[in-house]
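Thank you all for coming.

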Amino acid sequence: MGTNQTQISDEYVTGNSSGVGGGISDVYGEDSATLDQLVTPWVTSVASGYTLMRDPRYNKGLAFTDKERDAHYITGLLPPVVLSQDVQERKVMHNLRQYTVPLQRYMALMDLQERNERLFYKLLIDNVEELLPVVYTPTVGEACQKYGSIYRRPQGLYISLKEKGKILEVLKNWPQRGIQVIVVTDGERILGLGDLGCQGMGIPVGKLSLYTALGGIRPSACLPITIDVGTNNEKLLNNEFYIGLKQKRANGEEYAEFLQEFMCAVKQNYGEKVLVQFEDFANHHAFELLSKYCSSHLVFNDDIQGTASVVLAGLIAAQKVLGKSLADHTFLFLGAGEAGTGIAELIALKISKETGKPIDETRKKIWLVDSKGLIVSERKESLQHFKQPWAHDHKPVKELLAAVNAIKPTVLIGTSGVGKTFTKEVVEAMATLNEKPLILALSNPTSQAECTAEEAYTWTKGRAIFASGSPFDPVQYDGKKFTPGQANNCYIFPGLGLGLIMSGAIRVRDDMLLAASEALASQVTEENFANGLIYPPFANIRKISANIAASVGAKTYELGLASNLPRPKDLVKMAESCMYSPVYRNFR
């Protein structure tokens, strides 16, 4: 008896296929190979049984019907109950709400995305206001900080300096060919959290999930990419769980050559019309990359242009409450980086178009404060090039409060990335100068906001028009409920991307960003204004995105930059018809 058992197990291991005892032979010699022998990772290509259930694009979990289970060899691999997608959605939301730690919710959602793509997107679309802070700011910031520890499965492409000279080959490793949108970061300036290196991948992954949920771009057309050129973050370099290159950041010519190879490879592999969105690059690289590639590629920097467009939309909408035009305002920014200068430039362009005045003149209504104080003419020689247009004639001013009292702004905008900088004295000074001060605390995540919604409403005795970059709960003050608006880029980039794709745009121009801003502002209703909102609720985001896409598309055709001809008669209907639906498909 013992001899026979040995014989069976030997045959099973060595692959002798006598079939004794019903064992499965080791056809490819995987089990019989020693640890130092090479084996070939054979897989089946038929989407049925276990393979089908483990493919997130097609997996429906307990929603597979009895007919589908029989046809695709799933019967018995699942419990017998058949649940609808709506019931599955309620179950997942119930489970998510049990978590008290936001990062746990984030991880549960990422697990769902890797397991059941359509259910993930249906969940996100139907519960956008509740889940947006989880998949995007502020929780995504914490996720990036801990990405090495929570990393489970690769999402997107990691292109490191080790791949120099063969980036095109790496791009070809991505299984999807019809890529329409790439979101790429080098992780040097993630939100307000600094250099997170390779762990910045959470940002492209999160942004592209919103491109699909909010703008209707197909998931298979989206590609998140992290460019790993090292990190200067000592904590990460000394962290055994860090997932990136353990070396200092490449800079200068080495960096420029690597990015040049990447941009050429992207165009070669995916064509002229692939949209490349730069995300969370440090200031010095962000401006250079945008100016270098805007004339040769379809590129867009969300930190510079997306933020500018969404903030301008809020300012345009606020004029309906204030009964003024943009040209009547004086703007003061705390923060003169990508976001601050990008917003300032788009405001100046909008005022120039409204008034017919040259942009050099309209810039004079806009003042910026950086870490060294008010940007004034006598500092011009020492300023970075992107700050120089904002160096106006004025005596030097060091502190923000002194700048508020000197400039007397009607609008105060925070893009500093430093929390608690709109102090009680600063906000009260704004309230003294203005009946309805416009205060935008835009830095992300929530911990870095220049002030909270409660502080803005309390210190101005309920008179402020307030919006922030990260979400804040409604505030009760003096018996009245104030709902703070969120100047979230999610309002703009999904609709902008959809508009560019459906029109076949070959370049992005500032006029398209203005069109997106105006389209967003036009969707704020009187009811929204009555609640203190200068942005529409996120619950209608797909309708908002379709309208933005239509406006951007119209401007693309008008500028002669569209390649999908002829122009559709109804661009809103066209946008809606292009949108991905996450409802389950029936299988043969």
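**The chain as a whole, and some places within it**

Let me begin with burial, and say at once that what you see is a predicted model: of the 588 residues in the protein chain, 55% are buried. The chain exposes about 26000 Å², and carbon and sulfur atoms supply 51% of that area.

As for its elements, the protein chain holds 25 helices and 14 strands. Its radius of gyration is 27 Å, which is close to the 25 Å that the globule rule gives for 588 residues, so the chain is as compact as a globular protein of that length. Along the principal axes, the C-alpha trace spans about 100 × 50 × 50 Å. If we take the contacts between residues at least 6 apart in sequence, 71% of them join residues that are at least 24 apart. On charge, there are 62 positive and 64 negative side chains, and the centres of these two sets lie 5 Å apart.

Now to a single helix. How many of the 11 residues of helix α21 are buried? The count is 11 of 11 for this helix, which runs over residues 493–503, and it is therefore largely enclosed by the rest of the structure. Among these buried residues are Phe493, Pro494, Leu496, Ile501 and Met502, and the list also includes Gly495, Gly497 and Gly499. Just after α21 comes glycine 504, which takes a positive phi of about 70 degrees.

Next, the cysteines. A disulfide is a covalent bond between the sulfur atoms of two cysteines, and here the count comes to 0 disulfides.

Finally, please look at glycine 340, which has its place in helix α16, residues 338–355. Glycine 340 counts as buried, at 0% relative accessibility. Leaving aside residues up to four places away in sequence, glycine 340 touches Phe333, Gly335 and Thr415. Arginine 152, by contrast, lies 188 residues from glycine 340 in sequence and 36 Å from it in space, C-alpha to C-alpha.

Definitions and conventions. Residues are numbered from 1 along each chain as its sequence is written. This is a predicted model: local features need pLDDT of at least 70, side-chain atom pairs count only at pLDDT 80 or more; totals for chains, interfaces and linings use all residues. Side-chain values use heavy atoms; hydrogens and water are left out. Helices (H or I, at least four residues) and strands (E, at least two) are DSSP runs, numbered from the N terminus. The radius of gyration is taken over C-alpha atoms; the globule rule is 2.2 Å times the number of residues to the power 0.38. Buried means under 20% relative accessible area, exposed over 50%, partly exposed in between (1.4 Å probe, protein chains only). Contact means heavy atoms within 4.5 Å. Accessible areas come from the Shrake-Rupley method with a 1.4 Å probe; for residues, only the protein chains shown count as cover. Lys and Arg count as positive and Asp and Glu as negative; His and the chain ends are not counted. The place of a charge is taken as NZ of Lys, CZ of Arg, CG of Asp or CD of Glu. A disulfide is a pair of cysteine sulfur atoms within 2.5 Å.
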